[in-house]
Structure formats: structure tokens, C-alpha cells
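Colleague: Please show me the model, and I will ask about it piece by piece.

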Amino acid sequence: MNEKVYKTMTGAGAGNIAVGIVVLVTGIVSGILMIVNGARLLKRKSEILI
């Protein structure tokens with residue numbers, strides 16, 4: 001009985017770690033893309049303003 005519970009908890013923990021890594025990587029990539037796009041907007045600020 002205890003072994004089944006242990007295996008279930010191990011699987012759940014591994015799944016949570018995998019999801020956490022995916023969320024972390026997605027957040028970092030989206031942050032970098034926002035910084036790059038913001039820099040492009042600042043670079044062309046004079047062309048955008050009327």
C-alpha cells in the first residue's frame with residue numbers, strides 16, 4: 001500500500017517539476033521578446049511620432 005502512494009507522489013512531483021521548468025523557460029523567452037520589441041520601438045520613436 002505505501003509503495004503505491006510513494007510511486008504516485010513521485011510521479012506527481014516529477015510532473016510538477018517538468019511543468020515548472022516549461023513555465024520558467026516560457027517566461028524568460030517572452031520577457032526577452034518584450035525587451036527586444038520595446039528597444040525597436042524606442043529606436044524608431046521619431047518615425048512613429050507625428
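The questions and answers below go from the whole chain to single residues.

Colleague: What is the radius of gyration of the chain?

Modeller: This is a predicted model, and the chain has 50 residues. A compact globule of 50 residues would have a radius of gyration near 10 Å. The value for the chain is 22 Å.

Colleague: What box do the C-alpha atoms of the chain fill?

Modeller: The box is taken along the principal axes. Within the chain there are 2 helices and 0 strands. The C-alpha atoms fill a box of roughly 70 × 15 × 5 Å.

Colleague: How far apart in space are N2 and I48, C-alpha to C-alpha?

Modeller: N2 is in helix α1, and N2 is exposed, with a relative accessible area of 67%. Along the sequence, N2 and I48 are 46 residues apart. Their C-alpha atoms are separated in space by 65 Å.

Colleague: What separation is there between the C-alpha atoms of E47 and A18?

Modeller: E47 belongs to helix α2, residues 45–48. At 63% relative accessibility E47 is above the 50% cut-off, so E47 counts as exposed. E47 and A18 are 29 residues apart along the chain, and the separation of their C-alpha atoms is 44 Å.

Colleague: What percentage of the residues of the chain count as buried?

Modeller: A residue counts as buried when its relative accessible area is under 20%. The accessible surface of the chain comes to about 4,900 Å², and 72% of that surface belongs to carbon and sulfur atoms. Of the 50 residues, the share that counts as buried is 0%.

Colleague: Which residue forms a salt bridge with E3?

Modeller: Side chains of opposite charge can pair when their charged atoms come close. The structure holds 1 salt bridge, and its closest N and O atoms are 3.4 Å apart, within the 4 Å limit. The partner of E3 is K7.

Colleague: Are E3 and K7 buried or exposed?

Modeller: E3 has a relative accessible area of 55%, and K7 has 56%. Exposed means over 50%, so both residues of the pair are exposed.

Colleague: Which residues make the nonpolar surface patch of about 470 Å²?

Modeller: One of them lies in helix α1, namely V25. At 46% relative accessibility V25 falls between the cut-offs of 20% and 50%, so V25 counts as partly exposed. A patch residue needs over 30%, and V25 has 46%. The patch is made by I17, I21, V25, V29 and L33.

Note on methods:
Residues numbered from 1 in each chain as written. Predicted model: local features only at pLDDT ≥ 70, side-chain atom pairs only at ≥ 80, totals over all residues. Heavy atoms only, no water. Salt bridge = Lys/Arg side-chain N within 4 Å of Asp/Glu carboxyl O. Buried < 20%, exposed > 50% of the residue type's maximum accessible area, 1.4 Å probe, protein only. Patch = residues over 30% accessible without salt bridge, like charges linked within 9 Å, V, L, I, M, F, W, Y side chains within 5 Å. Areas by Shrake-Rupley, 256 points an atom, 1.4 Å probe, with all protein chains shown as cover. Helix = DSSP H or I, 4+ residues; strand = E, 2+ residues; numbered from the N terminus. Rg over C-alpha atoms; globule rule 2.2 N^0.38 Å.
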